[in-house]
Amino acid sequence: MADAPASTLLRDRSAAKSLFFGDILEENLFPYPRMRERDRELLAAMLDPIDDFVGAHAADLKRWDHDGEQSEAFIQGLREMGLFGLIIPEEHGGLALSNAAYARVLGQTSGHDSSVSLTVGAHSSIGMKGLLLWGSDEQKSRYLPRLASGELIAAFCLTEPGAGSDAASIRTRATKNADGSWTLDGEKIWITNGGIAGFYTVFARTDEGHGKMTAFMVEAAWPGVSRGPHEHKLGIRSNSTTTVAFADVRVPAENVLGEVGSGFKVAMSILNNGRTGLGGGAVGGMKRLIALATRQAKDRQQFGRPIADYGLVREKIAQMTIDCFAAESTVFMVAHFIDSGCEDYSLEAAMSKVYASEAIQRCAYEAMQIAAGNGYMREFPYEKVFRDSRILSIFEGTNEILRLYVALSGLKDVGAQLGELKSAVSHIFNDPIKGFGLLTGYAQRRFAQSSGIGGDRILRELPPRLRKCAGVYEHYVNELAAACDAALRKYGRGIADQQFVLKRIGELAIDLFVGSCVLSRADALVAAGDAHADAAQSICEVFTAQARRRMYRCVKGMQRNEDAGLDAIAGAMLAREGYPWDVL
Ligand SMILES: Cc1cc2nc3c(=O)[nH]c(=O)nc-3n(C[C@H](O)[C@H](O)[C@H](O)COP(=O)(O)OP(=O)(O)OC[C@H]3O[C@@H](n4cnc5c(N)ncnc54)[C@H](O)[C@@H]3O)c2cc1C
C-alpha cells in the first residue's frame, strides 16, 4: 500500500506469526502505511466515474438481483472502465494498481452492489491471479492483454462436489499424453464468473511430480469445456455462478501454471493473495450501511424524537463504525504487507478475511434493525446487503477453516522453538552472559515472562490514550504465547484435534492483530492532525476494551470451559439426528 515505512519493514517476518512468540512486530505495524502517491492519483480519477456508471444502473442492478444476471452491456461498461485490468502490469495493458488500491476500488463498487465487486474481484483476486503470481513471461504475454481488456474474463476452478474445504481431495484428473499435452476430465461446482468466463484456472490431480495437484490455464472455447446453468443463490444473485465441466479437454503443455505437482501451493498462494480484495469489498459495504443507518436514524421519528436520540440506536451506529474502522485498518495493513514484498502474509490475510467478513454481517444485521420494518422490505437496500454479505464467511476458505489455520500455523512455529527454549535455558544457568545470547526472541520473551527478568515495553511511545490501549495488547500477547506453550505441552501433536482450544488461540491472535492495526491507524491519524483523530482514539479505546474482554474469556477458557458439555450435546443430537423434546 505504502511508500512509508519501507526502511523499518522486516520483509522476512510475519507480524501475525510473531504474536504467537509474544512479540508485537512494531517494525511492520508502525507507522500505519499511506497509499502510494501513484495509486492515490489513479484512484482520484477512477472513483467518481465508477460511482457515476454503477450508480446510474441502480435500478437495473436491483432487477438483475431478482432475475439473477448482469446484462452483457453492463459488463461491457465495466470493461470500458478498465475494471478487469486493475492489477495487471501496464506493459500488458492493465492499470498496475497495488493490492491496497485494488481493494479500495472493490470497496467503491461494493458501495453500490457486491455482485459487481464479485464479477471484477473473482476475475482479478482469484481467476487470473495464478497467472500473475506463477505465470512465465510467455504465458503472461499470451493471456494478460486479453484479460486486462476483459475480452477474457477469468474464473478460479477448485471446488468439486466432494471437495470443498478439503481442497486436496479433488478428483478432476489431468493425464499426460505422449506429445506432452494433458487430457483434463472432471467437474467443478459453484464457480464464480463460471458462465461469463473465457479463461479458467483449473486444479486437477496429476500423476506426475511430487505433489498431487497441478494448476492449468484452460480456455472456455476449447472442445470439451462446458458450463451449467446459472445457480440461484441467496445473495450476490446477479453474479454468475455455475458448474464448469471438462470432458477429454486437451490442454497444451504450455498451459501448465507453475510446476507440475505444485497445484496445491499455487491454489493457496492465490487465495492468500486475493483475500484483501474480499476485505476491501466488505469495508465498502460497511461504509454504505453506516451512511444509510445514520440518515435513517436521523429521519425516523418515534415517540416524538428521532430514533437517533435513543441510546440503543446510537450503540448500534457506534458498533458499526468500530467494526468498519477495525476491518479497514486491518485489510489495508495486510494489503501493504503484500505490496511491500513481505514473504509471508498468509496468517494476516486469513485474519483480515475472518474479521472483515464477520464485521460486515454484524453491520448488515444492525443496519436492518435500525431500519426495522423498512429494512425488511425489498424496496430498501438493507435486505440485499444482508443477503449478499452472508457468502463472505463461506467462500475463499470458510471462517472455521481459517481460524483453525491461523491457530495451527502459529502453533507450528512455536512448537519448533519449544525444544530450543529448553536447551537455551540450561545454558543461562551454566553461563548467564553467553547463555542469554543464545536465546531467540521467543525464548527470551518466554524466559522473561516466567522469570520476571527483562520484559521491556513492546510498543513505542504513543499518545497517552493509545498508550493505555497498547498495554492491553502487550499483556495479552504474552498470554497468547503462554497459552500456545501450555497447549503444546499438554496436547503435543494431538493439538490438531483440539478444535475448541484452537478456536480460542485463533481468536486471541485475531483480536491481537486487528487491535494492533487499529492502534497503529489511530496513532497515524493523531500524528497527522486528522480532523477526526479524537473519534479514532475513542474507537481504539472501545475496540480495545471489547477485545480485552474477549481475550480474557479465551485465556480463562483454556482452563475452565464447557467444551466437554458442548461436545456431549452435539454428540447426542448427532446420534438422534435432531432435537428430541417437545412441550406436548
Ligand atoms: C456463491 C459461491 C461462490 C463460490 N465461488 C467459488 C469459485 O469461484 N471457485 C471455487 O473453486 N469455489 C467456489 N466456491 C466454493 C467455496 O469456496 C466452498 O463452498 C467453500 O470452500 C466451502 O466448501 P463447502 O461448501 O463444500 O463446505 P464444506 O467444506 O463441506 O464445509 C461445511 C462446514 O463444515 C466446516 N468444516 C469443514 N471441514 C472442517 C474441519 N476440518 N474442521 C472444522 N470445520 C470444518 C466448514 O467450515 C463448514 O462450516 C463458491 C461457493 C459459493 C457458495
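**Salt bridges, stop by stop**

Select helix H17 (residues 464–491), where Arg489 and Asp485 both lie, four residues apart, about one turn of the helix. Helices are DSSP runs of H or I with at least four residues, numbered from the N terminus. This is a predicted model: local features need pLDDT of at least 70 and side-chain atom pairs count only at pLDDT 80 or more, while totals for chains, interfaces and linings use all residues. Residues are numbered from 1 along each chain as its sequence is written, and side-chain values use heavy atoms, without hydrogens and water.

Now show the contact: Arg489 forms a salt bridge with Asp485, with 2.4 Å between the closest N and O atoms. The term means a side-chain nitrogen of Lys or Arg within 4 Å of a carboxyl oxygen of Asp or Glu. Asp485 is buried at 3% relative accessibility, whereas Arg489 is exposed at 55%. The cut-offs are under 20% relative accessible area for buried, over 50% for exposed and in between for partly exposed (1.4 Å probe, protein chains only).

Next, select helix H4 (residues 58–67), which holds Asp60 and Arg63, three residues apart. Their closest N and O atoms are 3.2 Å apart, in a salt bridge. Arg63 is partly exposed, at 45%.

Move on to Asp309 and Arg305, a salt bridge with a closest N and O separation of 3.5 Å. Asp309 is partly exposed at 35%, and Arg305 is partly exposed at 42%.

Finally, select Asp65, Arg378, Glu383 and Arg387, which a network of salt bridges links. By this rule the model has 27 salt bridges.

Definitions and conventions:
Helix = DSSP H or I, 4+ residues; strand = E, 2+ residues; numbered from the N terminus.
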